[in-house]
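Hi there,

I'm handing over the structure we talked about, and I hope you enjoy looking through it. Have a look first, and then read on for what turned up.

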Amino acid sequence: LKAAVAGTSGYTGLILLRRLYNHPEITEIIPVSSSKAGNNILEIDPGLGKNIYSKMNLTEGKCINIEKLGSYKPDVVFAALPHLKSAELLKNVLLKTVVIDLSADFRIHAPELFRAAYGCRPPREDLLDKAVYGLCEWYKDKIRDYDIIANPGCYPTSVLLPVLPLLKEKAVSGNIIVNSISGISGAGKKLNENLLFCERTENAGAYAPCRTHRHVTEMEGELKKEDSNVKLYFTPHLAPLKQGITSTITADIKKGMSSDEINNIYKKYYGEAVFISIKGNYIPQTMDVRGSNRCDIGWHLDDDKIFVFSCIDNLIKGASGQAVQNMNIRFGIDEHTGLEFFGEA
Ligand SMILES: NC(=O)c1ccc[n+]([C@@H]2O[C@H](COP(=O)([O-])OP(=O)(O)OC[C@H]3O[C@@H](n4cnc5c(N)ncnc54)[C@H](OP(=O)(O)O)[C@@H]3O)[C@@H](O)[C@H]2O)c1
């Protein structure tokens, strides 16, 4: 397969290059960059090493401008671009090739909900019915049939994977309270005074509390498909980590439900899932999943409450890894291909 990466110089774009280089079904990588078009890929990231050239014959290791992308006829385009820019920049390739969009542009289909989160109507409202929400373990069958795959957000991945099975089995109901901690790379590479090293090191705290973070709309929309009465209270926190997300989810649990029954629910939905680790009463840690495409899930029961703990690497399962997993599903490749690597991303 010929794969293009748009937004090459960003955090998720550079990880995509590594994962695609290690992917046996990828024969050619086309790096696309707005800010660095014409630059050699090793000028952008010397860490990639010269071997990357063996899969960049078409562009001779140089980044191309997105306007030229169509002429390279990629089989799949990974768009690691900012939301509200991505759909527009992709205009020449949408529906001509498979697009896996890491931005939010195709994630929320109800225009009024998209506006509530992003302040405007979805940029390509006309194409929303051609896009699938790419939460791999939940929508695998649908993903195979779509040419626009909206890769989920990082916080939503860490929350939806553990909560959806419990909702579907009516084990939890009502208000769901989530506190998440994220590493700083979740905000991308763009300059922001609040994200400078001296602002963030030895410092941790909440932001966008309760229902004000834009991912609430994305998450609640998916949760309501299983239970229309559910309401989400989500408070993200930043901690001085490079990468990683841990989410602590609190909800009312059905009376008398045991830990074994919770385990059985997760086994029912994820027993065959390559990238979900069901941990029981072990509380997963971000370092357990660092560099992996896994979501680890543990829990604790207390009377009428369940506390569920999930961990992902925001840059891998929360972004580039899940995007490669989506490609594997879409093209009928074994799901774990190119994603076996566990360790520093
Ligand atoms: N970071 C995460 O943990 C994470 C997780 C899930 C989803 N996402 C989503 O994935 C996408 C990429 O995230 P990221 O963290 O990789 O962001 P990033 O580090 O900020 O990189 C985004 C890249 O997009 C390109 N770009 C930026 N502004 C642009 C503009 N105005 N016009 C055209 N291109 C522009 C740039 O690359 P070039 O100049 O090389 O084109 C930039 O490096 C975002 O939509 C983000 O919300 C990120």
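Here is one to start with: which atoms of G10 lie 3.1 Å from an oxygen atom of the ligand, backbone or side-chain? They belong to the backbone: a backbone N or O atom of G10 is at that distance from a ligand oxygen. Please keep in mind that this is a predicted model.

In T12, a polar side-chain atom lies 2.7 Å from a ligand oxygen. For N314, an N or O atom of the side chain is 2.8 Å from an oxygen atom of the ligand. On its own the ligand has 890 Å² of accessible area, and the protein covers 81% of this.

Now for the wider surroundings. The shell around the ligand is made up of 28 residues, and the closest include T12, along with S9, S33, S35 and L81. Sorted by class, 15 of the shell residues are polar, 9 are nonpolar and 4 are charged. Two helices, α1 (11–21) and α11 (316–330), each give at least two residues to this shell. The ligand takes up the space of the largest pocket.

The C-alpha trace spans about 60 × 45 × 40 Å along its principal axes.

Key:
Residues numbered from 1 in each chain as written. Predicted model: local features only at pLDDT ≥ 70, side-chain atom pairs only at ≥ 80, totals over all residues. Heavy atoms only, no water. Near = heavy atom within 4 Å. Polar contact = N/O pair within 3.5 Å; in protein donor to acceptor, adjacent residues only side chain to side chain. Areas by Shrake-Rupley, 256 points an atom, 1.4 Å probe, with all protein chains shown as cover. 1 Å grid on protein atoms, 1.4 Å probe; cavity = no way out; pocket = protein on both sides within 12 Å on 5 of 7 lines; lining within 4 Å. Sits in = over half its atoms within 2 Å of the grid points. Helix = DSSP H or I, 4+ residues; strand = E, 2+ residues; numbered from the N terminus. Nonpolar A, V, L, I, M, F, W, Y, C, P; charged D, E, K, R; others polar.
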